[in-house]
Amino acid sequence: MNWFWISIGAIGGLFYLMSKGRHRRKTKVTPAKTITEQHRVKAALASEDIEAMESALEETKGPILRNQLLEQISIHYYRLRSDPESRKVFYSFASVHIEEASAVLDALSETEEERPDRYDSFRMLAIAMGEDERYDDAVDICKKAIALGLKNGTKTGFEGRISRLERKRADTE
């Protein structure tokens with residue numbers, strides 16, 4: 001008979017704890033659209049499927065999530081830039097990535113996330129334009145990166161890249 005009263009007491013205790021937990025729980029609920037957008041971007045990036053990334057990019061509005069997609073898409077096409085069609089696609093995505101850079105950096109500062117020192121699309125675009133002998137455009141890209149306080153991961157930075165591009169331009173004239 002003691003087991004009966006012990007069971008009743010345990011069940012009553014559980015109900016009491018559950019009711020107290022309901023009143024104390026105050027969690028911040030994120031809107032469903034944001035969650036699905038984040039999940040869609042993470043899934044596309046994890047799949048490493050370029051078409052999935054491009055599709056997710058079309059539906060993504062958040063600057064930080066767009067930045068992640070644009071960076072990976074730009075890297076993908078940069079590696080294939082020896083193909084003329086891939087080079088055109090690379091220019092398209094990298095240009096969009098660079099145009100959105102200041103919005104991304106602003107959004108990162110608002111969320112208190114770490115601001116990146118590097119933004120590879122600037123470096124890759126300057127290199128590709130230098131290969132195409134578009135030296136003035138490449139120098140402009142480097143100057144934009146410097147204005148945003150970005151580095152390119154080399155000892156001389158974007159300043160060194162500008163001087164190399166200017167030397168190449170002088171050699172071709």
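This is a predicted model: local features need pLDDT of at least 70, side-chain atom pairs count only at pLDDT 80 or more; totals for chains, interfaces and linings use all residues.

The protein chain has a mean pLDDT of 84, with 80% of its residues at 70 or more. Helix H5 (residues 84-99) packs against helix H4 (residues 63-79) and also against helix H7 (residues 120-131).

**H4 against H5**

- The axes of H4 and H5 come within 9 Å and cross at roughly 155°.
- An angle over 145° counts as roughly antiparallel, and H4 and H5 are therefore roughly antiparallel to each other.
- The H4–H5 crossing is left-handed.
- On the H4 side, the contact uses Arg66, Asn67, Leu70, Glu71, Ile73, Ser74, Tyr77 and Tyr78. H5 brings Ser86, Val89, Phe90, Phe93, Ala94, Val96 and His97.
- Sorted by class, that contact has nine nonpolar, four polar and two charged residues.

**H5 against H7**

- H5 and H7 pack at about 140°, with their axes 10 Å apart, and that angle makes H5 oblique to H7.
- This crossing is left-handed too.
- From H5, the residues involved are Arg87, Phe90, Tyr91, Ala94, Ser95, His97 and Ile98. They meet Ser121, Phe122, Met124, Leu125, Ala128, Met129 and Glu131 of H7.
- Phe90, Ala94 and His97 of H5 turn up in both contacts, with H4 and with H7.

**Two glutamates with positive phi**

- Most residues other than glycine have a negative phi.
- Glutamate 48 has a positive phi of about 60° even though it isn't a glycine. You'll find glutamate 48 in the loop between helix H2 (32-47) and helix H3 (50-59).
- Is glutamate 48 buried or exposed? Glutamate 48 counts as exposed, because its relative accessibility is 67% and the cut-off for exposed is over 50%.
- Glutamate 133 also has a positive phi, near 60°, and sits in the loop between H7 and helix H8 (135-147).
- With a relative accessible area of 54%, glutamate 133 is exposed as well.

Technical notes. Residues are numbered from 1 along each chain as its sequence is written. Side-chain values use heavy atoms; hydrogens and water are left out. Axes are lines fitted to C-alpha atoms, for helices over the stretch in contact, and angles run from 0 to 180 degrees between N-to-C directions. Helices (H or I, at least four residues) and strands (E, at least two) are DSSP runs, numbered from the N terminus. Angles under 35 degrees count as roughly parallel, over 145 as roughly antiparallel, 65 to 115 as roughly perpendicular and the rest as oblique. A crossing is left-handed if the near helix is turned anticlockwise from the far one by less than a right angle, and right-handed if clockwise. Contact means heavy atoms within 4.5 Å. Ala, Val, Leu, Ile, Met, Phe, Trp, Tyr, Cys and Pro count as nonpolar, Asp, Glu, Lys and Arg as charged, and the others, Gly among them, as polar. pLDDT is the predictor's confidence in each residue, from 0 to 100. Buried means under 20% relative accessible area, exposed over 50%, partly exposed in between (1.4 Å probe, protein chains only).
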